[in-house]
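Trainee: I would like a close look at one part of this model. Please take me through the strands and how they pair.

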Amino acid sequence: MSNGAFEHDEFRDINILSSEITMEEVVGTGCTAEVYRGTFGSQVVAIKQMTVTRSSITKEHQVAFARELKVLTKVCQENLVKLYGACGVCSDGEPLRIVTEFCAGGACFELLHNSPDIELQFSQQTKMCFDVALAMEYLHTFKPMIIHRDLKSLNLLLDKPVFGPQDPVLVKVSDFGVAKIKDGAEADWGKMTVQAGTKHWMAPEMWSGTNYDEKVDVYSYAMVIYEIFCREVPFEEEEPSGVAKFTLAGVRPDMDAWPPNSPPKLRDLMLACWAQDPIKRPSFIEVVNMLPPTPEILRL
């Protein structure tokens with residue numbers, strides 16, 4: 001079977017032979033891929049390997065793989081995962097793999113939701129929000145604009161492990177399989193995919209049709225703020241269909257979980273970002289300006 005979507009000069013430049021990498025233990029598993037810790041030359045790397053076989057790969061999986069590569073080859077910013085290359089883009093005989101920098105702290109989801117014994121300071125939580133906002137400001141002001149469309153703690157990686165309130169945090173945004181690039185190649189820019197993304201983080205307009213824009217990322221960012229400070233998954237007890245019903249009706253996650261002594265700026269920012277009307281949500285340029293500057297964050 002031909003690689004089809006992968007046979008482009010832009011991907012040939014980043015081709016890595018399977019013999020150039022060493023795959024070690026599995027560090028993450030998804031519906032269509034497994035992530036391994038490994039090495040590429042002297043670098044410790046993350047290797048995302050498609051679990052579907054070459055003979056059974058669907059057009060949807062091809063598009064997601066190519067889309068992620070297309071974004072990662074364009075961007076370069078401290079709060080975005082760094083791409084080293086990809087395997088299988090020039091050969092039918094190799095598995096499809098994406099090779100990126102290895103973030104030893106793992107997904108923020110694990111820290112926030114599965115590590116109740118690890119205490120976090122408001123300064124750490126605010127820094128996490130700031131890192132994500134910087135990454136998203138970069139994507140939304142990039143030429144051409146990039147919409148992530150699946151912003152959530154599972155796709156936010158920690159550069160190093162966090163074991164307690166004294167540890168520094170550095171967050172990097174990852175997973176661009178459903179991202180949308182506003183360029184000449186995207187002739188259907190105005191026609192978006194219905195329900196692209198993960199249901200509990202999805203903006204209401206994504207449930208109701210294809211007419212939406214980059215403000216869907218701002219809504220999902222509000223859910224990320226909620227996760228970081230409340231350490232709860234938004235609408236955790238609800239089935240996806242129930243989440244749709246609530247968000248379309250303007251209902252938001254339970255604010256009883258919001259820490260009473262947390263920085264008021266973050267609460268106000270979250271409320272602004274999950275506004276029902278996308279026009280009323282701030283841009284990420286405004287979000288960054290609404291957050292405390294780094295020296296102030298460190299004093300929280």
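**The strands, pair by pair**

Mentor: Start at a turn. Gly41 takes a positive phi near 65° in the hairpin of S2 and S3, and that hairpin has two residues between its strands. Keep in mind that this is a predicted model.

S2 pairs with strand S3, residues 43–50, in the antiparallel sense. Eight bridges hold that pairing. For one place to look, find Thr39: it stands opposite Val44 in S3.

Next, go to the other partner of S2. Strand S1 covers residues 21–29, and S2 covers residues 33–40. S1 and S2 pair over six bridges, again in the antiparallel sense. They too form a hairpin, with three residues between them. To find your way, take Val26; its bridge partner in S2 is Tyr36.

So far we have S1 beside S2, and S2 beside S3. Val45 shows the contact: Glu101 in S5 is its bridge partner.

Move on to S5. This strand spans residues 97–101. Four bridges join S5 to S4, and the pair runs antiparallel. Look at Leu83 here. Its bridge partner in S5 is Thr100.

Go from S1 to S2, then from S2 to S3.

Is S4 largely enclosed or largely open? Strand S4 takes in residues 83–87, and four of these five residues are buried, so the strand is largely enclosed by the rest of the structure. As you look along any strand, remember one general point. Side chains in a regular strand alternate between the two faces of the sheet.

Trp274 sits in the loop between helix H8 (264–273) and helix H9 (284–290). The relative accessible area of Trp274 is 6%, which means that it is buried. Thr247 lies 27 residues from Trp274 in sequence, and their C-alpha atoms are 9.7 Å apart.

The other loop runs between helix H6 (215–230) and helix H7 (240–248), and Glu236 has its place there. Glu236 belongs to a patch of negative charge on the surface. Other members include Glu232, Glu239 and Asp254.

Methods
Residues are numbered from 1 along each chain as its sequence is written. This is a predicted model: local features need pLDDT of at least 70, side-chain atom pairs count only at pLDDT 80 or more; totals for chains, interfaces and linings use all residues. Side-chain values use heavy atoms; hydrogens and water are left out. Patches are made of residues with over 30% relative accessible area and no salt bridge: like charges are joined within 9 Å, nonpolar side chains (Val, Leu, Ile, Met, Phe, Trp, Tyr) within 5 Å. Accessible areas come from the Shrake-Rupley method with a 1.4 Å probe; for residues, only the protein chains shown count as cover. A salt bridge is a side-chain nitrogen of Lys or Arg within 4 Å of a carboxyl oxygen of Asp or Glu. Lys and Arg count as positive and Asp and Glu as negative; His and the chain ends are not counted. The place of a charge is taken as NZ of Lys, CZ of Arg, CG of Asp or CD of Glu. Buried means under 20% relative accessible area, exposed over 50%, partly exposed in between (1.4 Å probe, protein chains only). Two strands pair if DSSP finds at least two bridges between them.
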